[in-house]
Amino acid sequence: MTKTLLLSIVSLLLCLPMAQAQDDNTTHATDTIPAPQANMRLKDNHDRHYQGEASLGYAMAVGEFGRDRLSIETKHGVRWNPYIYSGLGFGIHYYASGPKSWTLPVFANIKGYLLDKVVTPYLSMDMGYSFGFSEMKGTGGFYISPAIGANFFIDASSSFILELGYQSQSFKVRRHGRINMGALSIKLGFTFF
């Protein structure tokens, strides 16, 4: 049921840009929205500024020790130019399957934006440490999350984001030693400038 709902949401969000296209006699949605460079208040490609992000996510377990999880994350940093962002982030991950577990990841994030358009795809990498709290008497460990995503600009100071990725959380458990809990993730959120 959860996988069906998740796939339905992803399909709907991926079809939104295509649904905006209309016949040639009407104005296209991209004609009425200023270019991202103007949205981000960039005077030129070298003007850097603050960028923040807040997201909600769900991850489906993969692998022997994988566990489903829900996440709330926030990232804050510098948009160096239209194509490069770096910052720091933290969040709360709740492991919904198996023994109740919470982790508090603290990580560095870097993003490479592939275009400078109203819909902007990007590559992202989170890497850091996650502090663990668990009924399994475990502790946290190394956290990494590569992802691909897209920004959909809403107005001059914000954009909607959709991100698909993989999360790997190292966790030390008494019975098994150090394990890696993997999951495929989807995140929805907002970026603000």
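These legends describe close-up views of a predicted model.

**View A. The largest nonpolar core.** Six residues make up this core: Tyr 58, Met 60, Ala 150, Phe 152, Leu 162 and Ile 186. Strand E1 (49–62) and strand E6 (141–155) are the elements that each give two or more residues to the core.

**View B. The surroundings of Glu 53.** Glu 53 belongs to strand E1. Its relative accessibility is 3%, so Glu 53 counts as buried. Beyond its neighbours within four places in sequence, Glu 53 contacts Glu 73, Thr 74, Lys 75, Lys 111, Ile 161, Phe 190, Thr 191 and Phe 192.

**View C. The E6–E7 hairpin.** Two residues separate E6 and E7 in this hairpin. E6 pairs with strand E7 (residues 158–173) in the antiparallel sense, over 10 bridges. Opposite Ile 148 stands Leu 164 of E7.

**View D. An aromatic cluster.** Phe 152, Phe 160 and Phe 190 form one cluster. The structure holds eight aromatic pairs. One of them joins Phe 160 and Phe 190 edge-to-face, at 6.0 Å centre to centre and 70° between the planes. This pair links distant parts of the chain: Phe 160 lies in strand E7 and Phe 190 in strand E8 (residues 177–192), 30 residues apart. Phe 190 counts as partly exposed, because its relative accessibility is 45%.

**View E. Charges over rings.** Arg 79 places its charged end over the ring of Tyr 113, 3.7 Å from the ring centre. The charged end of Lys 111 sits over the ring of Tyr 122, at 4.9 Å from its centre. Lys 111 is also one of the contacts of Glu 53.

Notes. Residues numbered from 1 in each chain as written. Predicted model: local features only at pLDDT ≥ 70, side-chain atom pairs only at ≥ 80, totals over all residues. Heavy atoms only, no water. Core = buried A, V, L, I, M, F, W, Y, C linked by side-chain atoms within 4.5 Å. Buried < 20%, exposed > 50% of the residue type's maximum accessible area, 1.4 Å probe, protein only. Helix = DSSP H or I, 4+ residues; strand = E, 2+ residues; numbered from the N terminus. Contact = heavy atoms within 4.5 Å. Pairing = 2+ DSSP bridges. Phe/Tyr/Trp six-rings, centres within 6.5 Å; stacked < 30°, edge-to-face > 60°. Lys NZ or Arg CZ within 6 Å of the ring centre and 35° of its normal.
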